[in-house]
Amino acid sequence: MEELIEKAAEELARATNVAALTGAGISVESGIPPFRGPGGLWEKIDPMEYAHIDAFLKDPVKVWNVLLKDMKALLDTARPNPAHLGLAHLEAMGILKTVITQNVDGLHQLAGNTDVIEFHGTFAVHRCMDCNRRRETCDIDLDRIPPRCECGGIWRPECVFFGEMIPSRALWRSQQAAESCDVMLVIGTSATVQPAATMPAIAKQAGARIIEFNEEETPLTGWVSNYRIPGKAGNVLDRVVKRVEALRG
Ligand code: OAD
């Protein structure tokens, strides 16, 4: 483990155009449960029944009551953890350029990263299904479910539901970042949801080194990623970034 931390720090200290692909695991230490694995949301509820756009269109009251209300409560109070702060620090050092995140929690921006591609959209903003008006999530009134806009339309988060397209700009920019980076950090993602999970392979194909930070092995481990550093992302990234700082003087 110590050796891997040192190796990652050395590679990052030499790099000039690093991209990070992050998933739910990076926010677990901020109190947000992941989707898969122990304690995962999809272990408790069926995503096809609650997180598919058809499910929302068919029964928005059910999806709001079971999924979205709790998500709003969680995300309203979540704060960045040392993993998010470590990535912000890497950007401040001029090493990390872009964060591609599958998360909708806004924690990378809160930590201080300035180029964050929200691959699955954001929960910070809601859109009226009828008039397309947008409103910050903190201003959505949940006294009545489903919450409704002044026009009578139902509010939905600006996240990507299953069955919806990835925002085309996010997809395009992610591909560009993957093709041009010299190192890609793949942090806290099970790498099972496409097309996000393809970004490390695109980066690898273009010549980048791929370093995985994950408590568990993933489909990328030992194939796309050059190596995986086990452990909790907050603890491990904090240690890696401190070593990078020391190496850069
Ligand atoms: P998952 O829940 O599928 O995977 C989380 C990953 O993080 C797993 O591989 C864990 O081993 C790892 N992990 C958990 N805690 C960790 C920690 N403290 N430190 C390091 N690693 C940790 O989450 P995603 O890969 O982000 O999409 O899921 C991808 C997409 O599936 C989500 O964006 C969401 C979901 O359905 C949509 O809703 C469209």
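Trainee: Where is Gln102 found?

Mentor: Gln102 is in the loop between β2 (96-101) and α7 (107-111), where helices (H or I, at least four residues) and strands (E, at least two) are DSSP runs numbered from the N terminus. Keep in mind that this is a predicted model, in which local features need pLDDT of at least 70 and side-chain atom pairs count only at pLDDT 80 or more, while totals for chains, interfaces and linings use all residues. Residues are numbered from 1 along each chain as its sequence is written, and side-chain values use heavy atoms, with hydrogens and water left out.

Trainee: Is Gln102 buried or exposed?

Mentor: Gln102 counts as buried because its relative accessibility is 12%; buried means under 20% relative accessible area, exposed over 50%, and partly exposed in between, with a 1.4 Å probe and protein chains only.

Trainee: And what does its side chain make a polar contact with?

Mentor: The side chain of Gln102 makes a polar contact with the side chain of Thr189, at 3.0 Å. Such a contact is a pair of N or O atoms within 3.5 Å; within protein, one must be able to donate a hydrogen and the other to accept it, and residues adjacent in sequence count only if both atoms are side-chain atoms.

Trainee: Switching to the ligand, which residues come nearest?

Mentor: Of the 23 residues around the ligand, those are Phe35, Arg36, Thr189, Ser190 and Asn214, and a residue counts as near if one of its heavy atoms lies within 4 Å. An N or O atom in the side chain of Thr189 lies 2.7 Å from an oxygen atom of the ligand, and a backbone N or O atom of Phe35 is 2.7 Å from a ligand oxygen atom.

Trainee: How much of the ligand's area does the protein cover?

Mentor: The protein covers 93% of the 800 Å² of accessible area that the ligand has on its own, as given by the Shrake-Rupley method with a 1.4 Å probe; for residues, only the protein chains shown count as cover.

Trainee: Which domains does the shell draw on?

Mentor: The shell draws at least three residues from each of domain 1 (1-30 + 80-122 + 166-249) and domain 2 (33-77 + 124-158), with bounds that come from an automatic or database domain assignment. The C-alpha centres of domain 1 and domain 2 lie 27 Å apart.

Trainee: Last one: where is Asp141 found?

Mentor: Asp141 is in the loop between β5 (134-136) and β6 (155-159), and Asp141 counts as partly exposed at 49% relative accessibility.
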